[in-house]
Amino acid sequence: MRSLSELVRPNIRDLAPYSSARSEFTGGAEVFLDANENPYNQPFNRYPDPLQRELKNDISRIKGIPAKCIFLGNGSDEAIDLVYRCFTRPGIDNVVAIEPTYGMYKVCADINDVEYRPVLLDEHFQLSAEKLLNACDKNTKAIWICSPNNPTGNSMNRDEMIAVVEQFDGMVIIDEAYEDFAYQESMRKELLQFPNLIVLNTFSKAWGCAAIRLGMAFAHREVIDIFNKVKYPYNVNLLTQQHAKEAISNVYDVEKWVKLLLQERTVVMKAFTELPCCKEVYPTDANFFLARMTDAQAIYDYLVNEGIIVRNRTRIQLCQNCLRVTIGTKNENTALIAALRKL
């Protein structure tokens with residue numbers, strides 16, 4: 001790969017980061033008169049740890065990644081945006097991504113004035129390392145792969161992903177937001193081998209904590225240091241850090257939820273295959289599935305009138321007449337199937 005000094009945007013490479021009061025001090029103290037804080041209304045009067053050290057140590061234990069190789073942000077979207085802000089030059093560089101996939105990769109590219117090059121998946125929603133690499137040129141700084149993919153639900157072929165990481169000389173980002181529902185081994189296992197690999201994860205899905213907005217990025221320490229250089233000083237608030245630590249202490253609840261969701265997923269997908277309005281249900285490794293319907297827009301509108309909301313993906317490439325259905329509770333899933341059986 002190209003060296004980080006070559007990949008990083010020049011102004012970011014030379015940036016002198018903001019030094020917050022809390023980042024300048026480590027150790028124990030009882031009197032804090034350094035950050036212009038109000039001394040009353042404990043504990044919310046104090047700025048949170050800007051590097052979330054305690055929380056990263058907890059995450060390190062459950063994810064098997066050193067704390068120094070973990071970045072925490074305001075949802076995974078913060079880490080996605082940081083890739084552009086740190087590695088791409090507006091109006092000059094480009095990124096390559098599988099298509100269809102999570103829409104924020106392109107939105108962040110557009111916001112940062114970076115060319116976005118989508119590469120269509122095959123008829124089985126699988127990627128081709130060769131096609132992704134052929135779409136690159138000397139100004140391609142990053143390749144985006146979501147696995148399990150959103151909205152298709154399937155895991156990308158692991159050998160093909162490794163081929164991309166091995167052969168591309170820029171950054172490769174594997175977004176594993178749904179990996180807790182998948183049987184395929186996480187690409188986190190490959191981090192030590194590949195300094196150009198970034199793996200994303202989130203507390204929003206299996207952990208049931210979408211409201212606290214906490215995303216994770218795993219990468220070599222040098223990459224994490226670049227992210228920390230650019231991020232806002234206190235990007236993860238105290239309440240989020242506290243709730244995440246509480247969630248981690250109840251990890252067995254997460255395992256139980258995942259098991260229940262996988263059981264319900266099997267039931268709901270089978271029921272869909274028996275619906276006259278459903279033409280095909282695609283394999284999935286996520287807490288949702290993609291189904292091709294006879295008329296996705298009409299069925300979506302009907303469900304809205306029934307008070308049931310799914311995602312209409314019919315305007316996405318390769319997903320014509322497709323609905324994306326999230327697995328809910330047993331009662332919610334039953335309500336959805338009952339409504340569709342009335343059609």
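Helix H5 meets helix H9 through Ala79, Leu82, Val83, Arg85, Cys86 and Phe87 on the H5 side, and through Val223, Ile226, Phe227 and Val230 on the H9 side. By class, this contact comprises 9 nonpolar residues, 1 charged residue and no polar ones. The model is a predicted one.

**Packing of helices**

- The axes of H5 (residues 75-87) and H9 (residues 221-230) come within 10 Å and cross at roughly 95 degrees.
- An angle from 65 to 115 degrees counts as roughly perpendicular, and H5 and H9 are therefore roughly perpendicular to each other.
- In helix H4 (residues 53-63), the buried residues are Leu55, Lys56, Asp58, Ile59, Ser60 and Lys63.
- The cover over these buried residues of H4 includes strand S1 (70-73), strand S6 (197-202) and strand S7 (215-218); H9 and helix H10 (238-249) are also included.
- After H4 comes Gly64, which has a positive phi near 70 degrees.

- Arg9 is located in the loop between helix H1 (4-7) and helix H2 (10-13).
- Although Arg9 is buried, it forms no salt bridge. The nearest side chain of opposite charge belongs to Asp93, at a distance of 6.8 Å; a salt bridge requires a nitrogen and an oxygen within 4 Å.
- With neighbours within four places in sequence left aside, Arg9 is in contact with Tyr84, Arg85, Cys86, Phe87, Thr88, Arg89, Pro90 and Asn112.
- Lys229 is part of helix H9, and its relative accessible area of 22% makes it partly exposed.
- With neighbours within four places in sequence left aside, Lys229 is in contact with Ile12, Arg13, Asp14, Leu15 and Pro17.
- A distance of 26 Å separates the C-alpha atoms of Lys229 and Ala210, which are 19 residues apart along the chain.

**Backbone geometry**

- Most residues other than glycine have a negative phi, and most peptide bonds are trans.
- Gln52, which is not a glycine, has a positive phi of about 50 degrees. Gln52 belongs to the loop between helix H3 (21-24) and H4, and its relative accessibility of 1% places it among buried residues.
- Arg213 is likewise not a glycine and has a positive phi, of about 55 degrees. Arg213 belongs to the loop between S6 and S7, and counts as partly exposed at 33% relative accessibility.
- A cis peptide bond joins Glu99 to Pro100, with omega near 5 degrees. Pro100 is in the loop between strand S2 (94-99) and helix H6 (104-111).
- A cis peptide bond also joins Asn150 to Pro151, with omega near 25 degrees. Pro151 is in the loop between strand S4 (140-146) and helix H8 (158-167).

**Salt bridges**

- The whole structure contains 19 salt bridges.
- One of them joins the side chains of Asp169 and Arg2, at 3.1 Å from N to O. This pair links distant parts of the chain, 167 residues apart: Asp169 is in the loop between H8 and strand S5 (171-175), and Arg2 is in the segment before H1.
- Within that pair, Asp169 is partly exposed at 32% relative accessibility, whereas Arg2 is buried at 16%.
- Arg158 and Glu185 form a salt bridge through their side chains, at 3.8 Å from N to O. Here too distant parts of the chain are linked, with Arg158 in helix H8 and Glu185 in the loop between S5 and S6, 27 residues apart.
- Arg158 counts as buried at 14% relative accessibility, while Glu185 is partly exposed with a relative accessible area of 46%.
- The side chains of Arg46 and Glu37 meet at 2.6 Å, N to O, in a salt bridge. Arg46 is partly exposed at 21% relative accessibility, and Glu37 is buried at 15%.
- Glu54, Asp58, Arg61 and Lys245 are connected by a network of salt bridges.

Key
Residues numbered from 1 in each chain as written. Predicted model: local features only at pLDDT ≥ 70, side-chain atom pairs only at ≥ 80, totals over all residues. Heavy atoms only, no water. Helix = DSSP H or I, 4+ residues; strand = E, 2+ residues; numbered from the N terminus. Buried < 20%, exposed > 50% of the residue type's maximum accessible area, 1.4 Å probe, protein only. Lys, Arg positive; Asp, Glu negative; His and termini not counted. Contact = heavy atoms within 4.5 Å. Axes fitted to C-alpha atoms, helices over the stretch in contact; angles between N-to-C directions. Parallel < 35°, antiparallel > 145°, perpendicular 65-115°, else oblique. Nonpolar A, V, L, I, M, F, W, Y, C, P; charged D, E, K, R; others polar.
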